[in-house]
Amino acid sequence: MSRRRSAGAVPVIVLTGYLGAGKTSLLNHLLRHPEARIGVVVNDFGDLNIDAGLVVGQVDEPFSISGGCICCLDDDTSLEDALTALAKPRLRLDAIIVEASGFAEPLTLARMVTRMGHHRFHLGGVIDVVDATMHASTVDTESAPPMRYAATTLVLVNKLDQLSAADREPAVEAIRKRVHQRNPRLLVVGTSYGRLDPALIFDPGSGGEAGSDVAVNGDGARPIQAELPIRELIRQAYAEAAEKELNAETGIDSEAGIDSEAESAPVHRHAQSVTVTGEGTADPDAVMDLLEDLPAGVYRVKGSILVDDRTGSRTYGVQAVGPNVYVSTAPAQAAGWDSQVVVIGEGFDEDAVRARLDEALRTGHASAGSVGCDPAGSRGVERLRHHIRLHA
Ligand SMILES: Nc1nc2c(ncn2[C@@H]2O[C@H](COP(=O)(O)OP(=O)(O)OP(=O)(O)O)[C@@H](O)[C@H]2O)c(=O)[nH]1
């Protein structure tokens, strides 16, 4: 992968992973690293780039590419323009992180960046984030392991906290086995909330022992963070054995690297998204009804809603990943609306979902402070708080 690298070129690290696996959580964790200067490009599926709003840290404004997956766009100029702007020497960035949409194919994205052949940036690695609880029912569903592992540098098995301590290590091991069927040298590490050690990604010179990809610690209570520098990850991932496997499986010529004209580009899954915004306060009960019982075909919901609770208006971040619901308190919307929700899935009834959301987000739902006359609003706030407590 590093063959085309120019001296001083900024590494581009691509974060992939199925809808809701934990890419933004990993990105935010990496951005909290005080010593590295990181540029960010976020590609989200909906019309509004919710993820760009969820990114916190040292970048003023992440580059945002919304309205579809970048690996499906007719041309890749939006990504190339963003990378070129961020790679300007005066910005002195240590790395650029591209957070892909949940439907992006790692191989396609890796090829896009490599094909750009830019002297100021080069592909620095592809980190595929896996939801330990949902992977087998969403991504790894066929008898053959997914092709995505062939282009990945590191697989991060996330959300281990959602499994019992006894189930964590076996879960990582099961995914590692599948990954290794596709790419025997690929590193697979376990974590929660994307807590990969950032120093080891941004400082290639900073040691770290090869092979120390322990999934969980001795008592299984807390995931141990990965301890491998990205340079080592890349070297290992593209070692001879992996390249041989890659050639055999994908038709990619190892001499030409992953930017060769292989015929086997993965076919992108067809996805739909519905984006709804609202002004004024939303109905939390109606939003929670949607989140807790997703309509057929919907897998991912994310957004923020303005709600009246006992202390006045407050904004909550609301997310669903399959059956898992996540709620947090959130900053008020700076944009021209108070609530915004994006729903993503395959084969769902867009009109019905839009109608439900229009109703739930429409202006002026009654205050939960007036408990006696608004039991639904009050119940909705209680349901939001219940989910906050679950993940506290
Ligand atoms: N319990 C738990 N929740 C997590 C973990 N990682 C992420 N989450 C939550 O899962 C939800 C989805 O996480 P994100 O980081 O937004 O996932 P994503 O892959 O960026 O999502 P998309 O961009 O929509 O594909 C959020 O509510 C996170 O707070 C984890 O390790 N444990």
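Q: What makes two residues count as being in contact?
A: Two residues are in contact if their C-beta atoms, placed from the backbone, lie within 7 Å. The model is a predicted one, and by this criterion ten residues of domain 1 are in contact with eleven residues of domain 2. On the side of domain 1 that touches domain 2, five residues are nonpolar, three polar and two charged.

Q: Where do domain 1 and domain 2 lie in the chain?
A: The domain assignment places domain 1 at residues 10-259 and domain 2 at residues 272-390. Separately, an unreviewed UniProt entry lists residues 271-361 as "domain: CobW C-terminal". That span is 23% helix and 46% strand, and its end C-alpha atoms lie 24 Å apart.

Q: How do you know which domains supply the shell around the ligand?
A: At least three residues of the shell come from each of domain 1 (10-259) and domain 2 (272-390). A residue is near a molecule if its C-beta atom, placed from the backbone, lies within 6 Å of it. The ligand is surrounded by 23 residues, the closest being Lys23, Thr24, Ser25, Gly102 and Tyr326. By class, the shell has twelve polar, six charged and five nonpolar residues.

Q: Which element gives the most to the shell around the ligand?
A: Helix H1 does, with three residues. Helix H1 (23-31), strand E9 (298-309) and strand E10 (312-321) each supply at least two residues.

Q: Why are E10 and E11 said to pair?
A: Two strands pair if DSSP finds at least two bridges between them. Six bridges join E10 to E11, so the two strands meet the definition of a pair. They run antiparallel, and Val318 has Val327 in E11 as its bridge partner.

Q: What makes strands E8 and E11 the edge strands?
A: The open sheet has five strands in the order E8-E12-E9-E10-E11, with antiparallel pairing. Strand E8 (272-278) and strand E11 (324-329) each pair on one side only, and are therefore its edge strands. From one strand to the next, the twist averages 15°.

Technical notes: Residues are numbered from 1 along each chain as its sequence is written. This is a predicted model: local features need pLDDT of at least 70, side-chain atom pairs count only at pLDDT 80 or more; totals for chains, interfaces and linings use all residues. UniProt positions are given in the numbering used here, feature names are shortened, and annotations may be inferred rather than shown by experiment. Helices (H or I, at least four residues) and strands (E, at least two) are DSSP runs, numbered from the N terminus. Domain bounds come from an automatic or database domain assignment. Ala, Val, Leu, Ile, Met, Phe, Trp, Tyr, Cys and Pro count as nonpolar, Asp, Glu, Lys and Arg as charged, and the others, Gly among them, as polar. Axes are lines fitted to C-alpha atoms, for helices over the stretch in contact, and angles run from 0 to 180 degrees between N-to-C directions.
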